Amino acid sequence: PWLAFSTHLRLTGPQRFENPETLEWATLGSYVAWDARIESRLLPWFKLWVRATNLLDSDYQTEYGFPAPGWQLWVGLQVTCASFDADCEAGGPSDG
């Protein structure tokens with residue numbers, strides 16, 4: 001397909017941990033995090049994607065003392081060529 005969409009929802013319950021400073025047991029809170037990705041294959045050899053993480057901007061920690069970042073947006077592209085010595089599927093000239 002020329003366009004693909006995927007999404008991922010994480011629901012995590014409370015997690016017990018031992019506080020390294022006090023050596024007492026405590027609990028990290030529950031959280032919900034939602035990620036999504038859209039990918040488009042514009043040409044047979046060219047793909048563009050956008051990914052967003054933590055769309056709900058949840059404030060959580062997966063390990064005590066290390067808070068997760070807020071929402072993030074990532075953009076990327078992928079160019080595929082059969083060989084660097086031969087022409088790509090698009091028919092571009094080779095340097096060799």
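Which residues make the nonpolar surface patch of about 870 Å²? Leu-42, Leu-43, Leu-48, Val-50, Trp-71, Leu-73, Val-75, Leu-77 and Val-79 make this patch. The model is predicted: local features need pLDDT of at least 70, side-chain atom pairs count only at pLDDT 80 or more, and totals for chains, interfaces and linings use all residues. Residues are numbered from 1 along each chain as its sequence is written, and side-chain values use heavy atoms, without hydrogens and water.

An open sheet is formed by four strands in the order β1-β4-β5-β8, with antiparallel pairing. Strands are DSSP runs (E, at least two residues), numbered from the N terminus. Two strands pair if DSSP finds at least two bridges between them. Strands β1 (3-12) and β8 (72-79) are the edges, each pairing on one side only. Seven bridges link β4 (residues 31-43) to β5 (residues 46-53) in the antiparallel sense. Ala-36 stands opposite Ala-52 in β5.

Strands β2 (residues 15-18) and β3 (residues 25-28) run antiparallel and are joined by four bridges. Gln-15 faces Leu-28 in β3 as its opposite residue. The two strands, β2 and β3, form a hairpin with six residues between them. In the turn, Leu-23 has a positive phi of about 60°.

Nonpolar side chains (Val, Leu, Ile, Met, Phe, Trp, Tyr) are joined within 5 Å, like charges within 9 Å. Areas come from the Shrake-Rupley method with a 1.4 Å probe. Strand β8 gives the most to the nonpolar patch, with four residues. Leu-73 lies in β8. Leu-73 is exposed (over 50% relative accessible area), at 55%.

Notes:
Patches are made of residues with over 30% relative accessible area and no salt bridge: like charges are joined within 9 Å, nonpolar side chains (Val, Leu, Ile, Met, Phe, Trp, Tyr) within 5 Å. A salt bridge is a side-chain nitrogen of Lys or Arg within 4 Å of a carboxyl oxygen of Asp or Glu. Buried means under 20% relative accessible area, exposed over 50%, partly exposed in between (1.4 Å probe, protein chains only).
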